[in-house]
Amino acid sequence: MVVAYEALPPDPFAGDPADPARALGGPDADAPDDAPLDDAERDEVVADLGDLAVFEALLAPRGIRGVVVDCEDCSEQHYHDWDLLRASLQQLLDEGHMRPHEPPFDPDPAAYVTWEYCRGFADATLAE
């Protein structure tokens, strides 16, 4: 199932002059970098979308809801359901950036695995 860009939650700080991201400097928070991905970046995102489809097909039936990522910026774990991650990657491919999103409410950490775990599980399963 593909989630349309319009179905994603809106940026909670869109148009807000008190947007905390403004303190970081750089591009305006309301104007994402619209530079298109170069060929190598596009190839990586396309490969990630293909990998994601395999990971979901193998792991969703086992109760895994998605991928957990250790965020270097905030030192917290971010939980991404399969559909949200696919929509974010598709948006990155289509628009060159990802829109902010709301994290899942009270996620069960046992239902999420790392990208590396997914890759290892897929490699082991497909090698059989």
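The protein chain exposes about 8,400 Å², and carbon and sulfur atoms supply 56% of that area. Accessible areas here come from the Shrake-Rupley method with a 1.4 Å probe, and for residues only the protein chains shown count as cover.

A word on what you are looking at. This is a predicted model: local features need pLDDT of at least 70, side-chain atom pairs count only at pLDDT 80 or more, and totals for chains, interfaces and linings use all residues. Residues are numbered from 1 along each chain as its sequence is written, and side-chain values use heavy atoms, with hydrogens and water left out.

Overall layout. The protein chain has three helices and three strands. Along the sequence the pattern reads α-β-β-α-β-α. Helices (H or I, at least four residues) and strands (E, at least two) are DSSP runs, numbered from the N terminus. Of the 128 residues, 29% count as buried. Buried means under 20% relative accessible area, exposed means over 50%, and partly exposed lies in between, with a 1.4 Å probe and protein chains only. Now contacts, meaning heavy atoms within 4.5 Å. Take those with a separation of 6 or more: residues 24 or more positions apart account for 66% of them.

Next, the sheet. Three strands make an open sheet in the order E2-E1-E3, with mixed pairing. E2 (77-81) and E3 (112-113) stand at the edges with a single partner strand each, so one side of each has no neighbour in the sheet. Two strands pair if DSSP finds at least two bridges between them. E1 and E2 run antiparallel, joined by five bridges. One example: Asp70 has Gln77 in E2 as its bridge partner.

Look at the turn. E1 and E2 form a hairpin with six residues between them. Ser75 sits in that loop between E1 and E2. Is Ser75 buried or exposed? Ser75 is exposed, with a relative accessible area of 66%. Ser75 also has a positive phi of about 60 degrees, although it is not a glycine.

Now inside. In soluble globular proteins, nonpolar side chains tend to be buried together. Here, the largest nonpolar core has 19 residues. A nonpolar core is a set of buried Ala, Val, Leu, Ile, Met, Phe, Trp, Tyr and Cys residues joined through side-chain atoms within 4.5 Å. Val45, Leu59, Trp82 and Cys118 have the most contacts inside this core. Helices H1 (39-59), H2 (82-95) and H3 (115-127) each supply at least two of its residues. Which helix gives the most? H1 does, with six residues. As for Val45, leave out residues up to four places away in sequence, and Val45 touches Leu37, Leu89, Leu92 and Leu93.

On to H2. The 14 residues of H2 should span 20 Å at 1.5 Å a residue, and the end C-alpha atoms are 20 Å apart, which agrees. The expected span is 1.5 Å times one less than the number of residues. H2 is mostly covered, with ten of its 14 residues buried. Among them are Trp82, Leu84, Leu85, Leu89 and Leu92, but also Ser88 and Gln91. What do the buried residues of H2 pack against? They pack against H1, E1, E2 and H3. Just after H2, Gly96 takes a positive phi of about 85 degrees.

Last stop, Arg86. Arg86 is in helix H2. This arginine is buried, with a relative accessible area of 13%. Which side chains does the side chain of Arg86 meet in polar contacts? One is the side chain of Glu56, at 2.8 Å. Another is the side chain of Asp83, at 2.6 Å. A polar contact is a pair of N or O atoms within 3.5 Å; within protein, one must be able to donate a hydrogen and the other to accept it, and residues adjacent in sequence count only if both atoms are side-chain atoms. Finally, Arg86 and Leu49 are 37 residues apart in sequence, and 6.7 Å apart in space, C-alpha to C-alpha.
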